[in-house]
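Take a look at the sequence and the model below. We will start at the ligand and then move on to a pair of strands.

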Amino acid sequence: MASIKGHIHILQGADELSRALADYWLRLCREAVQQRGRFMVALSGGSTPRLLHEVLAQAPYRDAVEWEKVWVFFGDERSVPQDHPQSNYHMAVETLLSQVPIPATQVFPMFAPALDAPQNAQHYAAQLAEHVPLDAEGWPVFDLILLGMGDDGHTASLFPGTSILQEAEKSVAAVYVDKLVTWRVSLTYPVLNHARHIAVMVAGAGKAETLRQVAQSAAGSFPIQGIAPVAGELHWFLDRAAAARLPQGET
Ligand code: 6PG
């Protein structure tokens, strides 16, 4: 039986989850700036991160984070314009990046409509290679990658049954998601699993059954089970509603 690997933090509700994650962000940011002079983070898409972003954009976090030393990338992106309501970049700008003094040159949108999805993936891989510190194997090493989980157990744009799940060479790939009838661009497992820290945020009763299945199904049943840091740390930030069906041993 697969269990949920890593450190599990269960918070009362979405507010408490977001504050716990904001404290985690602040701690990791201070460590990274102290040790390497900057904080390299990849944001998650979807709706769950909105609350975290809003917490980070307010005191005390807004004033405590050294935003001028933060470099922001994205875990995945939809193939839509950067001002589209479905754009993960648009959501991040709206809820965080427009509220904090982060230099625009340190924010890297993942999709530009002038290119198609495969071209965007190739371009983003080149940007990662240029700006993110590489390990001995040439993989970009983020200080923190934030992830969510869909109710089908996908994370970033690693959807069940898609080709990107087998990608072992590229750091960024384009993937056609049949059920969404659309292209996505996403970091691949090797980059995700080379991060120093990965934080998965899961909130709400709607995710409880999927989380139970992820915890109790054989490895390989859900894409999010492939999140297994090579040398880094994996932390799950759950609210009670999402964790409600986890086996006792998982909580
Ligand atoms: C995306 C995300 C995706 C998301 C999950 C959970 O672009 O949609 O990267 O992986 O994290 O679908 O989304 P919610 O937070 O909206 O439930």
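Begin with histidine 154: an N or O atom in its side chain is 2.8 Å from an oxygen atom of the ligand. The protein covers 87% of the 420 Å² of accessible area that the ligand has on its own. Such areas come from the Shrake-Rupley method with a 1.4 Å probe.

This is a predicted model, where local features need pLDDT of at least 70 and side-chain atom pairs count only at pLDDT 80 or more, while totals for chains, interfaces and linings use all residues. Residues are numbered from 1 along each chain as its sequence is written, and side-chain values use heavy atoms, leaving out hydrogens and water.

Stay with the ligand. Threonine 48 has a side-chain N or O atom 2.6 Å from a ligand oxygen. For serine 44, a polar side-chain atom lies 3.5 Å from an oxygen atom of the ligand. How many residues surround the ligand? The count is 16, each with a heavy atom within 4 Å of it. Among the closest are Asp76, Ala156 and Lys207.

Now find strand S6, residues 172-177. Strands are DSSP runs of E, at least two residues long, numbered from the N terminus. Five of the six residues in S6 are buried, meaning under 20% relative accessible area (1.4 Å probe, protein chains only). Strand S7, residues 182-187, runs antiparallel to S6, and six bridges join them. Strands pair if DSSP finds at least two bridges between them.

Terms used: Buried < 20%, exposed > 50% of the residue type's maximum accessible area, 1.4 Å probe, protein only. Helix = DSSP H or I, 4+ residues; strand = E, 2+ residues; numbered from the N terminus. Polar contact = N/O pair within 3.5 Å; in protein donor to acceptor, adjacent residues only side chain to side chain.
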